[in-house]
Amino acid sequence: MSIDWTALGQVTAVSVGVTIAVVVVFALGVLGLARFEGAREDGGGGTSTLGIAQAGLCFLACAAVVAYGIYLIVPQFH
């Protein structure tokens, strides 16, 4: 039995890369929520809308990546 170390390394690299990307996008979503809350406290309307739009898009992107991962893992969805 031989192990293809190259394939294992590629899977590991892709997994780590995607995990870092999802964490960064999620952090940008949290930053958008903070911008929304800060603008709401200060009474700024334009920044508030931008913050909630940023948060919504980032969280939607994270949900899409997680849903795609579940789709790839669960064979009944294919």
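This is a short tour of a predicted model, going from the whole chain down to one residue.

**Stop 1: the whole chain.** Show the protein chain as a cartoon and you will find two helices and zero strands. The chain is more spread out than a compact globule, because its radius of gyration is 18 Å, well over the 12 Å that the globule rule gives for 78 residues. Turn the view around to follow the C-alpha trace, which spans about 65 × 25 × 10 Å along its principal axes.

**Stop 2: the surface.** Buried residues make up 13% of the 78 residues.

**Stop 3: two annotated spans.** Next, select residues 12–34 and then 55–74; an unreviewed UniProt entry lists both under "transmembrane region". Residues 12–34 are 100% helix, and their end C-alpha atoms lie 33 Å apart. Residues 55–74 are 95% helix and 0% strand, with 28 Å between the end C-alpha atoms.

**Stop 4: glutamine 54.** Select helix H2, residues 45–73, and pick out glutamine 54 within it. Is glutamine 54 buried or exposed? Its relative accessible area is 19%, under the 20% cut-off, so glutamine 54 counts as buried.

Which residues is glutamine 54 in contact with, leaving aside its neighbours within four places in sequence? Show Leu28, Leu31, Gly32 and Arg35 to see them. Finally, zoom in on arginine 35: its side chain makes a polar contact with the side chain of glutamine 54, at 2.9 Å.

Notes
Residues numbered from 1 in each chain as written. Predicted model: local features only at pLDDT ≥ 70, side-chain atom pairs only at ≥ 80, totals over all residues. Heavy atoms only, no water. Helix = DSSP H or I, 4+ residues; strand = E, 2+ residues; numbered from the N terminus. Buried < 20%, exposed > 50% of the residue type's maximum accessible area, 1.4 Å probe, protein only. Polar contact = N/O pair within 3.5 Å; in protein donor to acceptor, adjacent residues only side chain to side chain. Contact = heavy atoms within 4.5 Å. UniProt positions renumbered as here; feature names shortened; annotations may be inferred. Rg over C-alpha atoms; globule rule 2.2 N^0.38 Å.
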